[in-house]
Amino acid sequence: MADHELWGAANINRRGLLKCMAWAGTGVLWSVSGGVPRSLGLIGDAVAADPQASGFTFLQISDSHVGFDKPANPNALGTFQEAIAKVNAMPTPPAFIIHTGDITHLSKDKEFDDADQAMKALKQKVYVIPGEHDVADADNGKAYLDRYGKGTKGKGWYSFDYGGAHFIALINVFNFEPGFKSAGLATLGDEQLEWMEKDVKGLSASTPIVVLAHLPLWTIYQDWGWGTEDAQRALGYLQRFGSVTVLNGHIHQIQQKVEGHVSFHTAMSTAFPQPAPGTAPSPGPMKVPAEQLHSVLGIRTVNYVRGKSPLAVIETPLGA
Amino acid sequence: MRYLRITAPLAALGFSAFLGAAIPGALSSGEAGAKAANAAAVRIDNFNFTPPDLVVAPGTTVTWTNADDSPHTVREKDGKFKSAALDTDDTFSQTFTAPGEYEYFCSIHPRMVGKVVVKPAGSSS
């Protein structure tokens, strides 16, 4: 299988991150052509939000870490609210919002309350999945599931359809394999995988599939646990589909990869950046000068044009 | 599970526990006085538990202190005990009464692992 890495784990790095920082003040338009995402260059917000005939856009927010208050971001709730204000100011409002996890920093009720309050400013429906920071309470995710688990399956997974595309929200932050003998990667688990197999069974192969999961569904950096042990099984169920787009969070930076008809994207955080794989002793928050913070935080819009498989992915740093 | 007594994480205890000082307030039962002297500490820093392997006598209260700028948890692999998310400087205490090996990890960063070995003083195994 073709495995063309645009910014793959092997070569992404400080250079890529700096490139990303240099994007402050612009959005970057990604267009998928022949299965290979390509940057069309730097564009302004107005172009990025150009309405697509008979298609729709949706927007991804990730890793808001409400409650985080340390260098380099003393107010993660504030930058989350900024991101939301930016969404509300878009000339063409996205059809809906997805939040790919780590809504809160410590799974505290107050943090969930603050995040909910902030998201109430959004006019659209918000689809959420948890990050490991949202299920870190002593009751193994009760705080999250009490709030967001209604109407979902198992430990919070679900799917929905919009405009002809099928969205699958997967949870890979429960049942981590502790690193005693394993790689310490995330797992989806049998119950969820069996559900997923059934979920996509009746769909035509031409249905565009969008998969959401907090931790990347490809191994970006094993040493930091940035991957999902049983992701291949999930992707196996999607093999027959012509267009599969995987949207992840967790690593607080943009990494992208294309494997056949599957494209993988990780998102920026709205709270704080994390170092590129292997460039620091640990994946803790990366401290950047205050004036650079907004250039390493951001949101993402995805354009879906009906009748065409490509999804165009647009990154917008908060500083833009 | 009956033999494991979980004490509430109290941030204020972190410093004295780290020094191995007596922390009678951490124990709720009548035997607190006798056990209070048995305290041990594990420091969480730079995504590591230090020391990763800790050997203690039965009745010891182990206190984990998060000295990292990332939150961590302390979770026994089979769920025998688990802390809430510990922010920087938060602590979690656990009293071990039954001999045995308790492997634990951070449920946020599962590559972080540690072990508490509980055995009577002078025991060779």
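Colleague: What makes the four strands of chain B a sheet, and in which order do they stand?
Modeller: In this predicted model, the four strands form an open sheet of chain B in the order 4-9-8-6, with mixed pairing. Two strands pair if DSSP finds at least two bridges between them, and strand 4 of chain B is joined to strand 9, residues 113-118, by four bridges, so this pair meets the criterion. Strands 4 and 9 of chain B run parallel, and one of the bridges links B:Val56 with B:Val118.

Colleague: Why are strand 4 and strand 6 of chain B said to stand at the edges?
Modeller: Strand 4 (53-56) and strand 6 (75-76) of chain B each have a single partner strand, so one side of each is left without a neighbour in the sheet.

Colleague: What is the peptide bond from B:Thr50 to B:Pro51 called, and what is its omega?
Modeller: The bond is cis, with omega near -5°, and B:Pro51 is found in the loop between strand 3 (48-50) and strand 4 of chain B.

Colleague: Why is A:Ser107 called buried?
Modeller: The cut-off for a buried residue is 20 or more other C-beta atoms within 10 Å, and A:Ser107 has 29, so the label applies. A:Ser107 lies in the loop between strand 5 (97-99) and helix 4 (109-119) of chain A, and its phi is near 60°, a positive value in a residue other than glycine.

Colleague: How do you know that B:Asn46 is neither buried nor exposed?
Modeller: B:Asn46 has 13 C-beta neighbours inside 10 Å, whereas exposed would require 12 or fewer and buried 20 or more, so B:Asn46 counts as partly exposed. B:Asn46 also has a positive phi, near 50°, in a residue other than glycine, and its place is in the loop between strand 2 (39-45) and strand 3 of chain B.

Colleague: Which residues touch the most other members of the largest nonpolar core?
Modeller: Of the 94 residues in that core, A:Ile168, A:Ala169, A:Leu170, A:Val211, A:Leu212 and A:Leu217 touch the most other members. The largest share of the core, six residues, comes from helix 3 (residues 76-88) of chain A. Not counting residues up to four places away in sequence, A:Ile168 touches several residues, including A:Met196, A:Ile209, A:Val211 and A:Leu212.

Colleague: How many residues does each chain bring to the contact?
Modeller: Chain A contributes 20 residues and chain B 21 residues. On the side of chain A that touches chain B, the residues divide into eight nonpolar, eight polar and four charged.

Notes:
Residues numbered from 1 in each chain as written. Chains lettered and ligands numbered in written order. Predicted model: local features only at pLDDT ≥ 70, side-chain atom pairs only at ≥ 80, totals over all residues. Contact = placed C-beta atoms within 7 Å. Nonpolar A, V, L, I, M, F, W, Y, C, P; charged D, E, K, R; others polar. Helix = DSSP H or I, 4+ residues; strand = E, 2+ residues; numbered from the N terminus. Core = buried A, V, L, I, M, F, W, Y, C linked by C-beta atoms within 7 Å.
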